[in-house]
Amino acid sequence: MDISHWQTNITPDITKQWVAAGINHGIVKIGGGNSGIYESPTHRVQVAALRAAGVPASRYWFNGRDVSIANQVWGARAQLDTTPLAAGERFMWDVEDEGTTARWTPAEVADAAQRLSDLVPYSQQVVYVSASASRAADWSPVVALGLQVMVADYGNDDGTPSSTPLVGFWPRDKVWIWQYTSKGRLPGYAGDLDLSTGDLRNLWTVRDLQEALNKTGANLTVDGDYGPATLAAVTAFQEAHGLTPDGDAGPLTLTKLAEVAG
């Protein structure tokens, strides 16, 4: 789950109730770079409350468009210097959580990651991006650096998972967690919470898709790129199995592909 300055009065008593409900990792907003550099005023208290309950407290930075990358890295570094990451904690670039257009390009994320890598190794850095945005741009330079991805793909407003995320470029073992709702509820707290799951069985990567299509007769390079060749192979599979031939690997197509490919 992730928490920010919108979730106030987070105490160890509350986080201990969350642990009892199954929460095993927290992600705390430390600040951002939209409309100037700012620090989240609650992050130190929230980090302490999570750690008091034995929960790793990863951190995230809200990437903005109106402040230079160098200054945003400086802002993130300032907070991480004062409240360093502990073992098992990660730092996340919040690039985009809905839609298909990320606030930063893959090249900008790679630049920021490189600037921060002396403090936070690439293996501890994560990109937060929607499933659709992960397919809409070439993220291979970021994947090559070793950054993981936290994918946002919201389902039902009642806080239950319902979607089937399809993640571009990243291999499955680099998909960290899937944020499935912004309307979650947990004991001890009355407001909405962003909840995530590390159970990725209901998630596909484009690499999974390409491997499965190859088992049905396609000849695709397994690179995670949902480009023209993959789109054509999806369309051909849909035509062969009585599905709408739109090239969109949605739930019906993925279900059928899993059945055929085995």
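Predicted model: local features only at pLDDT ≥ 70, side-chain atom pairs only at ≥ 80, totals over all residues.

Residues are numbered from 1 along each chain as its sequence is written, and side-chain values use heavy atoms, with hydrogens and water left out.

**Stop 1: the cores**

Select Trp-18, Phe-91, Trp-93, Val-127, Trp-139 and Trp-170. These residues have the most contacts inside the largest nonpolar core, which has 51 residues. A nonpolar core here is a set of buried Ala, Val, Leu, Ile, Met, Phe, Trp, Tyr and Cys residues joined through side-chain atoms within 4.5 Å. Buried means under 20% relative accessible area, exposed means over 50%, and partly exposed lies in between, with a 1.4 Å probe and protein chains only. Helix H4 (residues 106-116) gives the most to this core, namely five residues. Helices (H or I, at least four residues) and strands (E, at least two) are DSSP runs numbered from the N terminus.

A second core of 15 residues is separate, and Leu-166, Leu-213, Ala-233 and Phe-237 are among its members.

Stay with H4 and colour its buried residues: Pro-106, Glu-108, Val-109, Ala-110, Ala-112, Ala-113 and Leu-116. They pack against helix H3 (69-82), strand E5 (91-94), strand E6 (125-130) and helix H6 (140-145). Contact means heavy atoms within 4.5 Å.

Next, centre on Trp-139. Leaving out residues up to four places away in sequence, Trp-139 touches Val-95, Ala-102, Trp-104, Pro-106, Val-109, Val-127, Val-129, Ala-133, Ser-134, Phe-169 and Trp-170.

**Stop 2: H1 and H2**

Select residues 12-20 and 43-52. The axes of these helices, H1 and H2, come within 8 Å and cross at roughly 50 degrees. Axes are lines fitted to C-alpha atoms, for helices over the stretch in contact, and angles run from 0 to 180 degrees between N-to-C directions. H1 and H2 are therefore oblique to each other. Angles under 35 degrees count as roughly parallel, over 145 as roughly antiparallel, 65 to 115 as roughly perpendicular and the rest as oblique.

On the H1 side, show Pro-12, Thr-15 and Lys-16, which meet Ala-49, Leu-50 and Ala-52 in H2. By class, the residues of this contact are four nonpolar, one polar and one charged. Ala, Val, Leu, Ile, Met, Phe, Trp, Tyr, Cys and Pro count as nonpolar, Asp, Glu, Lys and Arg as charged, and the others, Gly among them, as polar.

**Stop 3: H9 and its partners**

Select H8 (residues 228-240) and H9 (residues 251-261), whose axes come within 11 Å and cross at roughly 80 degrees. H8 and H9 are therefore roughly perpendicular to each other. Val-234, Phe-237 and Gln-238 of H8 make the contact with Thr-253, Lys-256, Leu-257 and Val-260 of H9.

Zoom in on Ala-212, in helix H7 (residues 206-215). Ala-212 counts as buried, at 9% relative accessibility. Leaving out residues up to four places away in sequence, Ala-212 touches Trp-204, Leu-257 and Ala-261.

**Stop 4: loop residues**

Select Ser-35, in the loop between strand E2 (26-32) and strand E3 (38-39). Ser-35 has a positive phi of about 60 degrees although it is not a glycine, and is exposed, with a relative accessible area of 70%.

Now select Phe-169, in the loop between strand E8 (166-167) and strand E9 (175-186). The phi of Phe-169 is also positive, near 70 degrees, but Phe-169 counts as buried at 5% relative accessibility.

Finish at Leu-85, in the loop between H3 and E5. Leu-85 counts as partly exposed, at 22% relative accessibility.
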